Amino acid sequence: MFWIQLILIIVLIYFGSRVGNVFMGLLGGVGVGIFVFVFGMQPASPPIDVMLIILGVVLAASALQSSKGLDYLVIIAEKILRKSPSNITIIAPIVAWIFTFLSGTGHVVYSLLPVMNELSIDNRIRPERPISNSIISSQQAITCSPMSAATAAMIGFMATIDVSFSKLLMITIPATLVGVIASSVLTIKKGKELHQDPEYIRRLEEGFIKKFERKEIKDIANSQKWSVLIFLLAVVSVIVLGLFTGLRPSWVIEGKVTPLSMPYTIEIIMLTCAALIIIVCKPKIEEILSGSIFKAGALAIVCAFGLAWMSNTFILAHQEFVEENVAQIVNRYPWLFAVVVFAVAALITSQGATTLIMIPIAIGLNLPPAIIIGAWMAVNANYFLPVSAQTLAAISFDTAGTTKIGKYVLNHSFMVPGLINTIISVIVATILGSIIL
């Protein structure tokens, strides 16, 4: 029965990924319904904390977006890139990582791609190198940013096995950053030099490559600066309160001093952040719920409701079988779990959805926390099949034609930097986890 129901989950995930978007979360609810009404399984509790953390984070990020704070962050990033254009292959991915870490969304990198393309061509550097690495690094940062939906979900899950928010960041921040730097260094000479690339030469001769017209930066409104400042203060507050438990309010409950939980802390700070941005910066209030960040966050909440609930219900029903059989195999070969996480992430191209499916299973398998966090780094696999919005945007912005999908599809520009990032991040996170936890 365990294997039959596991196959059912796989089938639901497959069909959900084919349609995509909100349908994946809805099929998770269908899975719960089949387990309860057909197989008579007792449903697990919906992941309320996970959903509320995601909602709080998304509201704060949406308020920042509606106040044009993200536009201001892009302007800052462009200035950083222009200071040392000859080193763009190293600097661009790090900048993409930093700004995704701060904002919680990889979408911020889109606005930087034309700048990377221009600076690369002007300095006779193959645009594929900084562009492909920056796309990957912007996704890597999602698994360490306290502002991302995937990390918000991970915080909620880890809290159930007593892994604090601060320890999670102490593992994931260096793990992803080491992967980003290693990939940038190892691919600094990837592909032919620009002046030797036949596609670039062809486009240059046929006049397809034109001088980049730099748009003048308009005056930056004070409201944009204030929105970024408020948002960054909220991020710092979350990190500080996560690191120093004593700063949080505490109460004596059943004779034991109990501090305010980290999920509640994040929810309170994020709601307050969103409210302060609205009060101080006065954005168009209707844009907060209609912006791209809120829509992506709402999708993550729906997926949490359906997919995580389905995974939790499945594991709860088979807990004894899992502990006696499956857990032994995975504990003996822990790298297997990372491979499965990578495969699921490559199929559904969503870090958040993969987190919601796989982490409850990992917890149900009683895997060591270090193994769970290490394998979680493999959720950044949406580059494997070059069909995601990030990869397609990168290809379109490279006017030299160096960033591309290869003849055999999988030999595309993102595969090498992506695999380097994933493998190194998984290894570093697992090692750090075994030391810190």
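**A first look at the helices**

Helix H3 is mostly covered, with 14 of its 19 residues buried. Welcome to this structure, which is a predicted model.

**Helix H3**
- H3 covers residues 48-66, and at 1.5 Å a residue its 19 residues should span 27 Å.
- After H3 comes Lys68, which has a positive phi, near 65°.

**Helices H5 and H9**
- Helix H5 (residues 88-103) packs with helix H9 (residues 165-186) at an angle of about 155°, and their axes lie 8 Å apart.
- Angles over 145 degrees count as roughly antiparallel, and H5 and H9 are therefore roughly antiparallel to each other.
- Their crossing, that of H5 and H9, is right-handed.
- On the H5 side, the residues that meet H9 are Thr89, Ile90, Pro93, Ile94, Trp97 and Phe101.
- On the H9 side, the residues that meet H5 are Ile173, Thr176, Leu177, Val180, Ile181, Ser184 and Val185.
- Sorted by class, this contact of H5 with H9 has 10 nonpolar residues, 3 polar ones and no charged ones.
- As background, an α-helix has 3.6 residues a turn, so residues three or four places apart point the same way.

- With a relative accessible area of 42%, Leu243 is partly exposed.
- Leu243 and Leu169 are 74 residues apart along the chain, and their C-alpha atoms are separated by 9.3 Å.

How values were computed:
Residues numbered from 1 in each chain as written. Predicted model: local features only at pLDDT ≥ 70, side-chain atom pairs only at ≥ 80, totals over all residues. Heavy atoms only, no water. Axes fitted to C-alpha atoms, helices over the stretch in contact; angles between N-to-C directions. Helix = DSSP H or I, 4+ residues; strand = E, 2+ residues; numbered from the N terminus. Parallel < 35°, antiparallel > 145°, perpendicular 65-115°, else oblique. Left-handed = near helix turned anticlockwise from the far one by under 90°. Contact = heavy atoms within 4.5 Å. Nonpolar A, V, L, I, M, F, W, Y, C, P; charged D, E, K, R; others polar. Expected span 1.5 Å × (residues − 1). Buried < 20%, exposed > 50% of the residue type's maximum accessible area, 1.4 Å probe, protein only.
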